[in-house]
Amino acid sequence: MSGMLGGWRNLLLVGFCAFATVAATDAALQTVVPLNPLLEVDSAILQYAAGDPTVLVVGSSHARSFVALGRALYERTHGEVRVQSVPVEWGKLTNYAWVLENRIKPLIEARTSSGALRRPSLRHVLIVTEWWDSTSQGNGTSSITMGLPARAWRWRDFLADLCANNLNNYNRNFLQKIWRELWPKSILVQDRGHDRIIEGLRASISRKAPSSAKDPKSIEFWQAMIEGGEQSLFEPSQMKAFDELVSYFKGRDLDVTLLLYPRMPGTLTQKAKDTTLRQFSQRMRAIAQEKGIRFVDITASSPLTDDDFAPDLDHVLPDGNERLAAWALAGDLSFLAGAAQ
Amino acid sequence: MTRADMRRLLIDWLDDKYHFGDAEAKIGDDEASFLDRGVLDSLGFVALVVYLEDKFRIKIELKLLNRENFDSVNKILDYVTAHGGGNA
Amino acid sequence: MSFTGVEFAVFFPTVFLLYWVGPRRGASGRNWQNAILLLASVAFYATWSPRLLVVLTAAVATSFAAGVWLDARPTEGMDEAQAAIMRKKRKAIAVIAVIMQLGFLGLFKYAGFFSQSLNALLDAAGISDAMPVLRLALPLGISYTTLIQVGYLLEVYWERSPACRDPLAYSAFVAFFPQLIAGPIVRTRAMLPQYYERRALRTDDVAEGAASFLLGFAMKALVADWLSPNLVAPAFSNPGAYSAGALWIALAAYATQLFCDFAGYSLMAIGTGRLFGLTLPENFRYPFLSKSLPEFWRRWHISLNTWLFDYIFAPLTTGRSRFRGRVGAGFVVVFLASGLWHGPTWTFVLWGLSHGIAMAVHHAYDEWYKRRCRKDRRWVEARRSKPYGAAAWVLTQAFFLLTLVPFRSPGLRAAADFAAGLLGLGGGSGRVGHFGFMALFCAAFMVVFHSLQVGRGPALMERFRALPTPIRGVSYGLAMVFLLVFVPLGASTFIYAQF
């Protein structure tokens, strides 16, 4: 019996030491790579529910770039203008429409017991998009990673998809989201797919700031992808979703702006500008005019340089977001500063 | 044919086919497992079955055609004896 | 559901807890455990293809019923006339039951291949699209569960093993979820009796099971899943773009990926089995240490190869047919079957045929060499020498590597293109990308993994096991940190799940 207890005691001690090591390493890593919780649909919805925004920004992960803009506006207007971004990872207009219908609309339309709108302040909507959003849901890389709209689901949406499609890489992203929510204080869990730990350790060991140099092969990949996007623009279900988005917001007498957001200059070849980007811009401008909504295209005209973009060549770094906000509020988005009126 | 004669034939066959004079040393004792001591691999087992059937004019039923039943000298000799192999 | 998916982190602890909290004794304890395993396996299966659970249920029901019927009718004790009639009836039932199992497999896996191939032949003769091509979704694990059940039926028919009379135990034995996706292919005599008793939770099962799972996870999720998109897939999808050197690296990377994917999965399956007190058979034993092809096949996918050996090769070469004693021909048949089992494509047929012929050639060489040994003992010593061993190792591994070209290629033409590229005839000049830390880590992992089995490796492992408990715990913790940092995100399926 004592031999058996010794066995279990040893086993538990090994397990305890193993998990203690993981926890201690996690804490140590956070001194090098602090937690950086990203705004997701769930957290955005919670923020929306707790507040009463005057400006709603709907878009892909790039909608996060407008958090800095929202902060700037809030300070400038002493809280009169309140911006709420709702970023939908992976993008696609159909997914924005899904999030609007299932997550945002209930908040917009929520009423008090007396029948008044619970959140009556909404005046402006920014639909932040790019050519990619108009291509089909399946378009993109063949390996599905962490960034998928399944993360915008609730349990009932996941279970419905599970029954219809079995467990697959797409709906598994919902489970990965749940898993991340269970470990909010762990950098080892939160960093999965971001590789900030590896970059941070590398920079710490070499005592140099992470290089802003971009991988030439990745740039080539992006250039080719954007050039090739011309073949896949304006997929019918995506355009239908865009119609639904605009119709809903217009139906509520909201001021709608369609904004084509900035891309990293190094990824935009002249051919891409002449084909994919021009086609997309021209058609969306025409649609905006037809629908009576504002159109702003800052894809290639923003002051952002390649150094303002993250190594993924896609997202803008925090400093870049601040510069973008200042520039946009001085120009095409200056009307938002008067959004309180 | 005595058990000793059958044993001699078996050892000679192992020497001829696999161990070239080292079969006795490899086997160790007559209870030791062929598999554990590397005396015969799975292909050797198949060759052994064909040899035993042809040499001792016995039939090895499918029911018993597995290595565990032929995994030592004693098991082989017991089987052969029990199935009339001593009359080869 | 996958072992490496986040859902398994919730599924497994739930099943583990339910499994061990049931009755502690006797039949009710055993039944509780078997029922939990069966329910878990059904749930596991349902996450892949709930509709095809019907196929699995039908297969299990028929093999169970056939086993009970056969077991209830032994020929022992009957007079010769009655025994002869009963033998015929038993044979008929066994044949029908085996054909039904193979029929399920044939329908789902091979119907499309054969009708497509026949269409191609008829097309060449000027008759187009004569046969409808049936494409059915492949039920999860059907290649594995079919072999388990056919093995069971043969064991009962040959009266080597009594039939199972407990449908719960039998269903759990066939459908046990760790072995569903990619084996190991369990055997009746070693595995089924484990389901007849309540399993006890033992420290060595927990310790070794968890260690196996962790090692298997590292192999699959870290090594295999990194190699596939970075070094293997680009070269195999477009071999013409790469230089010969790059293609050789890609081929070696694929061998590593295949091994780590499959052996890793097996270790996870075996580890999970241990955590339920069940011992699944070993499936890999350091195949890259092999110095001959027969040795390689005793170390790679052991459960499949022993199955093929025991149920096809041995009866074929020891029976009364024209294959009696004809080991070479037996190899060709067995490896052709192995190739087809892997998949209904001509590339797998080519792969299987290559290995069958090579095994036959090796056997002929072995017999020739042994004749030399009989005449002159120096040949025996030469075979035990280091240069001979080194040459044998190089030849064995090189052959296996080359046969991976058709194994991995999407078609015969692509395989030919890749092979041409290996010889420098492809015209490509591209280099492999991403040859940095992770590539070196994968290579080092393979070297260390195999080195621990030779020379002073085992002694080093013993020294590690003898280290104080906290130090071992910290080591495991650091290994887990490494995995959390470096395992790529995004689930990928197991290669052998497709077979």
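Trainee: How many residues of chain B are in contact with chain C, and how many residues of chain C take part?

Mentor: Please note at the outset that this is a predicted model. A contact is read by asking whether heavy atoms of two residues lie within 4.5 Å. Here, 23 residues of chain B are in contact with 25 residues of chain C.

Trainee: What area do chain B and chain C bury between them?

Mentor: The area buried by chain B and chain C is about 2,100 Å², with 53% of it on carbon and sulfur atoms. On the side of chain B, Phe20(B), Leu43(B) and Lys63(B) lose the most area to chain C, together 30% of what that side buries.

Trainee: How many salt bridges are found across the interface of chain B and chain C?

Mentor: A salt bridge requires a side-chain nitrogen of Lys or Arg within 4 Å of a carboxyl oxygen of Asp or Glu. The rule finds 8 salt bridges between chain B and chain C. One pair that meets in a salt bridge is Arg324(C) with Glu53(B), at 2.6 Å from N to O.

Trainee: Which helix supplies the largest share of the side of chain B that touches chain C?

Mentor: Helix H1 (3-19) and helix H3 (42-56) of chain B each supply at least two residues of that side. The largest share, 8 residues, comes from H3(B). By residue type, the side of chain B that touches chain C divides into 10 nonpolar, 3 polar and 10 charged.

Trainee: What does the contact of chain A with chain C involve?

Mentor: This contact takes 27 residues from chain A and 34 residues from chain C. About 2,700 Å² is buried between these two chains, and carbon and sulfur atoms give 74% of that area. The count here is 1 salt bridge, and Arg172(A) forms a salt bridge with Glu7(C), the closest N and O atoms being 2.8 Å apart. In chain A, H1(A) gives the most to the side that touches chain C, with 13 residues. That side divides into 17 nonpolar, 8 polar and 2 charged residues.

Trainee: Within chain C, at roughly what angle do the axes of helix H5 and helix H12 cross?

Mentor: The axes of helix H5 (residues 142-157) and helix H12 (residues 302-318) of chain C come within 11 Å and cross at roughly 35°. The crossing of H5(C) and H12(C) is left-handed. Residues of H5(C), including Leu147(C) and Leu154(C), meet Leu304(C), Trp307(C) and Tyr311(C) in H12(C). The residues of this contact divide into 6 nonpolar, 1 polar and 1 charged.

Notes. Residues numbered from 1 in each chain as written. Chains lettered and ligands numbered in written order. Predicted model: local features only at pLDDT ≥ 70, side-chain atom pairs only at ≥ 80, totals over all residues. Heavy atoms only, no water. Buried area = accessible area lost by both parts, 1.4 Å probe. Helix = DSSP H or I, 4+ residues; strand = E, 2+ residues; numbered from the N terminus. Nonpolar A, V, L, I, M, F, W, Y, C, P; charged D, E, K, R; others polar. Axes fitted to C-alpha atoms, helices over the stretch in contact; angles between N-to-C directions. Left-handed = near helix turned anticlockwise from the far one by under 90°.
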